[in-house]
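Welcome! Take a look at the protein below, and then let's work through some questions about it together.

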Amino acid sequence: MALNLEKQLLFGTNTPPLVPMPHWLVIPNLPPNLGTIAALVYATLYILMEPVAGSLLAPLMLAGTAYANHLTNTYGQTANYWALGLHVTSWIAQFIGHGVFEGRAPALMDNLTQAFFLAPFFVWMEVLFRLGYRPELRKRLDEAVEKEVEKYRASKTQGNGTVANGKVNGKAG
């Protein structure tokens, strides 16, 4: 999902600067276009959600956006074609992965905010957790996720003829 975010930011780099600024104030490869502004908004909100993790991710996002601006300025439409191809391939792989390994639709089907805003940060938090970041938070999140998975499984079993809450197919027996 994080790669999807970087590709979306690349698409935003196709816009002209949205805020007029003097040339001396513009950082090379970070003009105030839609891609740069979106990266700044994402980085700011991630820092507000989890200050340390967000602060570690912000420079990576801005560097990725600077590189996306460089690619767009250097290669023009070719960069867009590559990004579009990667974008479509990533979404197809994500739907297949969710269907095969999780047995359910991606978060996109449930909540757009979660799919486009929280999922990239969730991937970043998973990386940090594997490196030993905040084990108590990881434990709490793992427990919360397990509860949600159990609720999901219970809702799936309820609709296929098995007993759930003393009812068969939602009707008292």
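Here are some questions with reasoned answers about this predicted model.

Q: At what angle do α2 and helix α3 pack, and are they roughly parallel or antiparallel to each other?
A: Helix α3 covers residues 51-75, and its axis is 7 Å apart from that of α2. The two pack at an angle of about 170°. Angles over 145 degrees count as roughly antiparallel. The pair α2 and α3 is therefore roughly antiparallel.

Q: Which residues of α3 make the contact with α2?
A: Let's start on the α2 side, where the residues include Gly35, Ala39, Tyr42, Tyr46 and Met49. On the α3 side, the contact is made by Pro51, Gly54, Ser55, Leu57, Ala58, Met61, Leu62, Thr65 and Asn69.

Q: Is threonine 72 buried or exposed?
A: Threonine 72 lies in helix α3. Its relative accessibility is 9%, and the cut-off for buried is under 20%. Threonine 72 therefore counts as buried.

Q: What separates the C-alpha atoms of threonine 72 and threonine 13?
A: Along the chain, these two threonines are 59 residues apart. Leaving aside neighbours within four places in sequence, threonine 72 is in contact with Leu10, Thr13, Asn14 and Ala79.

Q: What is the phi of asparagine 29?
A: Most residues other than glycine have a negative phi. Asparagine 29 is found in the loop between α1 and α2, and it is partly exposed, with a relative accessible area of 32%. Although asparagine 29 is not a glycine, its phi is positive, at about 65°.

Q: Where is arginine 134, and what is its relative accessible area?
A: Arginine 134 also deserves a look at its backbone: it is not a glycine, yet it has a positive phi of about 40°. Its place is in the loop between α5 (112-130) and α6 (135-158). Arginine 134 is partly exposed, and its relative accessible area is 29%.

Conventions
Residues are numbered from 1 along each chain as its sequence is written. This is a predicted model: local features need pLDDT of at least 70, side-chain atom pairs count only at pLDDT 80 or more; totals for chains, interfaces and linings use all residues. Side-chain values use heavy atoms; hydrogens and water are left out. Axes are lines fitted to C-alpha atoms, for helices over the stretch in contact, and angles run from 0 to 180 degrees between N-to-C directions. Helices (H or I, at least four residues) and strands (E, at least two) are DSSP runs, numbered from the N terminus. Angles under 35 degrees count as roughly parallel, over 145 as roughly antiparallel, 65 to 115 as roughly perpendicular and the rest as oblique. Contact means heavy atoms within 4.5 Å. Buried means under 20% relative accessible area, exposed over 50%, partly exposed in between (1.4 Å probe, protein chains only).
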